[in-house]
Amino acid sequence: MIRFIYQKDSNWNENSVTDLFEIANLASYYDVAGMMTKVEEVVVDYPINLSNVVYVAFIADRFSMFSNVSQILLGKCVAFIFLTLRTHVLDFSDPQYARAALRLLEMPMGYCTNCKQFLCQEAKPVPQDVHLGCRVRH
């Protein structure tokens with residue numbers, strides 16, 4: 001926080017997801033201008049993979065009082081799970097993370113607002129069920 005206030009370079013990408021929420025807590029508690037925005041920018045690029053998706057969702061659920069940061073991470077986890085479940089099986093068996101895993105599976109998955117599909121159909125053949133108002137290109 002001191003480095004941020006004095007505008008010193010800091011490698012934000014080296015922070016764990018828990019550290020980022022702790023920084024968000026400090027930013028909120030001390031009302032440091034711009035620090036919460038910086039945390040939100042960092043979590044947008046936070047890497048989600050098979051080994052951390054449930055843990056990240058667990059931490060995001062635990063720190064849900066920081067709704068913007070939490071929703072960004074949960075959205076990234078849901079998107080990752082949607083793409084990954086087509087080719088992998090995820091292990092949700094750890095009882096510590098059961099609530100977070102269940103919440104992930106219950107969350108609505110995003111979809112393309114144009115083609116109304118979970119995976120955007122851009123550059124793919126036009127489907128038979130194209131709807132009125134859908135933008136297509138030749």
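Two rings of Phe, Tyr or Trp (for Trp, the six-membered ring) count as an aromatic pair if their centres lie within 6.5 Å; planes under 30 degrees apart make the pair stacked, over 60 edge-to-face, and the rest tilted. This structure holds two such pairs. Before you click, note that this is a predicted model, where local features need pLDDT of at least 70, side-chain atom pairs count only at pLDDT 80 or more, and totals for chains, interfaces and linings use all residues. Residues are numbered from 1 along each chain as its sequence is written, and side-chain values use heavy atoms, with hydrogens and water left out.

**Stop one: Phe 21 and Phe 63.** Select both rings: their centres sit 4.9 Å apart with planes at 10 degrees, so this pair is stacked. Phe 21 belongs to helix H2 (residues 17–30), while Phe 63 lies in the loop between helix H4 (53–62) and H5, 42 residues apart. Helices here are DSSP runs (H or I, at least four residues), numbered from the N terminus.

**Stop two: Tyr 29 and Tyr 30.** This pair is edge-to-face, at 4.8 Å centre to centre and 85 degrees between the planes. Tyr 29 counts as exposed, at 65% relative accessibility.

**Stop three: H3 and H5.** Now show residues 35–44 (H3) and 67–84 (H5). Which residues of H3 meet H5? Pick Met 36, Val 39, Glu 40, Val 43 and Val 44 in H3; they meet Asn 68, Val 69, Ile 72, Leu 73 and Lys 76 in H5 (contact means heavy atoms within 4.5 Å).

Technical notes:
Axes are lines fitted to C-alpha atoms, for helices over the stretch in contact, and angles run from 0 to 180 degrees between N-to-C directions. Helices (H or I, at least four residues) and strands (E, at least two) are DSSP runs, numbered from the N terminus. Buried means under 20% relative accessible area, exposed over 50%, partly exposed in between (1.4 Å probe, protein chains only).
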